[in-house]
Amino acid sequence: MPDLSGKTCVVTGATSGIGESTARALVEMGARVVVVGRSPERGEATLARLAAAGGTGRAELRLADLASLAEVRRLAGEILETCPELHLLVNNAGVVNLERRVTVDGFEETFAVNHLAYFALTNLLRERLVSSAPARIVNVASDAHRFGSLDLDDLQSEHRYRSMRTYGRSKSANILFTVELAGRLAGTGVTANALHPGAVASRLGAQNGWLGSVVTGVLKPFFKTPDQGARTSVHVATAPELAGVSGAYFANCREKQPAAPARDPQTARRLWETSARMTETGDG
């Protein structure tokens, strides 16, 4: 187990599921972990569980609704103010909606939370990561990208909304973002990789009311536990042998080839440029 003493890590969506399991593993390795979540109640409960689990590190809570770009900016400001160094950013928070929803910024919510929040938070923290190098950025994507190729002409799923296709497109965006980000970070000492955690029994989709709960309950016996799902996140975040690996995609702790549309460099560049305009981050 790597020693992360003296290292500062940020994990979004860390008050349940894969995110909490990832945070716990990092605390056990000795890191200072900034736990990002929306609910103060769940956040405090998570901090209590992390403290009870032991480890030589410590966790602290930051609250933000990542569906709001203003909240993402506030979160980044708080992290920059309180973390002189930043060695790891795990973009883990995500949603899947049965019906199309729009954020306060006017963006389709799945795309906003699953991609634009990754993009904006990473770019707002980018200089701190570079100044703290060696550092890593880990983007939690999904093999769901294989049935949701990104449509640059319909990023907001306005033409036709299908829940899992929209989710898959957001996961394609995660991988394409990682591809372009890795290229832009080349030579800085900061790596960027994406991963598939597997089908995991978590709170993803919990905002879909009783139907979402029923579906999740029926499928739960066939899913990985959050701890099992977090193994690849933790591996990509901490494995010494991956220190120089960037722009890759992992599943089951091994490098894997994503679908061709999710690794196309031209699409990755166009997505970056569009995301930079939407979020006013990333320098276009």
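What pLDDT does the protein chain average, and what share of the residues score at least 70? I looked this up before anything else. The chain averages 92, and 91% of the residues score at least 70. pLDDT is the predictor's confidence in each residue, on a scale from 0 to 100.

I am working with a predicted model, numbered from 1 along each chain as its sequence is written, where local features need pLDDT of at least 70 and side-chain atom pairs count only at pLDDT 80 or more. Totals for chains, interfaces and linings use all residues, and side-chain values use heavy atoms, without hydrogens and water.

I checked residues 202-222. Their pLDDT stays under 50. The model has 22 contacts beyond four places in sequence for them (contact: heavy atoms within 4.5 Å). Where pLDDT is low, predicted coordinates should not be read in detail.

**Sheet.** I traced eight strands in an open sheet, in the order S3-S2-S1-S4-S5-S6-S7-S8, with mixed pairing. Strands (E, at least two residues) and helices (H or I, at least four) are DSSP runs, numbered from the N terminus. Two strands pair if DSSP finds at least two bridges between them. S3 (58-63) and S8 (254-255) are the edge strands; each has a single partner, so one side of each lacks a neighbour in the sheet. I then looked at S1 (8-12) and S4 (88-91). They pair in the parallel sense over three bridges. Cys9 stands opposite Leu88 in S4.

**Helices on the sheet.** H3 (69-82) lies across S1, S2 (32-37) and S3, at about 145 degrees to S3. H5 (163-185) touches S5, S6 (190-196) and S7 (249-251), and makes about 160 degrees with S6. Axes are lines fitted to C-alpha atoms, for helices over the stretch in contact; angles run from 0 to 180 degrees between N-to-C directions.

**Backbone.** I found a cis peptide bond between Ala133 and Pro134, with omega of about 10 degrees. Pro134 lies in the loop between H4 (109-131) and S5. Cys253 is not a glycine, yet its phi is positive, about 65 degrees. Cys253 sits in the loop between S7 and S8.

**Lining count.** I noted the residues lining the second largest pocket: eight nonpolar, four polar and three charged. Ala, Val, Leu, Ile, Met, Phe, Trp, Tyr, Cys and Pro count as nonpolar, Asp, Glu, Lys and Arg as charged, and the others, Gly among them, as polar.
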